[in-house]
Amino acid sequence: MILTVAMGKGGTAKSTTTAAIANLARMNGKKVLVLDIDPQGNCTAALGGDNGAAGMYDLLTRKSKPAKLIQHTPQADLIPAGEELANAIAAIQNKPGRDNILKAALAPVVGLYDLILIDTPPDINTLLINALAASDTVLLPMQATLFCFMGLQQMGETIAQVKEYCNPNLGITGIVLTKHNPRSALARDIVPEIQQQAQAMGTKVFNTHIRQAAAVEQAQIMRQSLFEYAPRSTAAADYMALYAEMNLKG
């Protein structure tokens, strides 16, 4: 299975969520590969990877095959963002079949992994479209805020277009609320609208939500898995519950 984690808005814990799912899948005996196609490289750092090495730019521009780019960290196999990824959009945007470049480049390693996770940039651009075109399904992390709700609507439109033109079998695993406080008035007001939007997109809002927790950033600073650094933290418990609710196959 190839699962993209995406939202057209920054600060929604995409990279944290990608890393957490990768760690839990590995802990559950799955062979996992993570692709970091966000030029910020946060997921690479969270997983203990080297952003100074060759990475996704080299894969997308066909300068190297995926097997030569994979880093083996204690947390997961990883193709890092790399220093040049910001230049990838300009390098591929005029190429024939530009939306399917990532899918074609991944073909040699897809069968070697139970789960491939793709962490994406907070922009709707060629990198995101390539991730969606290559994926079986997409997970949408978001906060219960107006700006994130607007980002969700834009993601719904983008996913619909990708399904129409690139990947008719693309599914939506669901929407997960992150950094969430269900007691806040804003959350109570906007969650029903998020649920209505989810229904319009043919998906759901997970019952599990991810609470804000200092342990997440502390684990990232230590370049350790959340589940190694703070296994009893609220964030660890929340991500374990989300992973169980997702019921990932493959």
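1. In this note, a residue is called buried when its relative accessible area is under 20%, exposed when that area is over 50%, and partly exposed in between, with a 1.4 Å probe and protein chains only. By this rule R62 is exposed, with a relative accessible area of 56%.

2. The model is predicted: local features need pLDDT of at least 70 and side-chain atom pairs count only at pLDDT 80 or more, while totals for chains, interfaces and linings use all residues. Residues are numbered from 1 along each chain as its sequence is written, and side-chain values use heavy atoms, without hydrogens and water.

3. The chain contains twelve helices and seven strands; these are DSSP runs numbered from the N terminus, helices being H or I of at least four residues and strands E of at least two. Its radius of gyration, taken over C-alpha atoms, is 17 Å, close to the 18 Å that the globule rule gives for 250 residues, so the chain is as compact as a globular protein of that length. The globule rule is 2.2 Å times the number of residues to the power 0.38. Along its principal axes the C-alpha trace spans about 50 × 40 × 30 Å.

4. Buried residues account for 56% of the 250 residues. Taking contact to mean heavy atoms within 4.5 Å, 78% of the contacts between residues at least 6 apart in sequence join residues at least 24 apart.

5. Helix α1 (residues 14-27) and helix α12 (residues 234-246) have axes that come within 10 Å and cross at roughly 70°. Such axes are lines fitted to C-alpha atoms, for helices over the stretch in contact, with angles from 0 to 180 degrees between N-to-C directions. The two helices are therefore roughly perpendicular, a term for angles of 65 to 115 degrees. On α1 the contact is made by T16, T17, A20, I21, L24 and A25, and on α12 by Y239, M240, Y243 and M246.

6. Y239 belongs to helix α12 and is buried, with a relative accessible area of 2%. Y239 and T17 are 222 residues apart in sequence, yet their C-alpha atoms are 7.8 Å apart. Beyond its neighbours within four places in sequence, the contacts of Y239 include A13, I210, L226 and F227.

7. Most residues other than glycine have a negative phi. A13, in the loop between β1 (2-5) and α1, has a positive phi near 70° and is buried at 17% relative accessible area. R62, in the loop between α3 (56-60) and α4 (66-69), has a positive phi of about 65°.

Definitions and conventions:
Angles under 35 degrees count as roughly parallel, over 145 as roughly antiparallel, 65 to 115 as roughly perpendicular and the rest as oblique.
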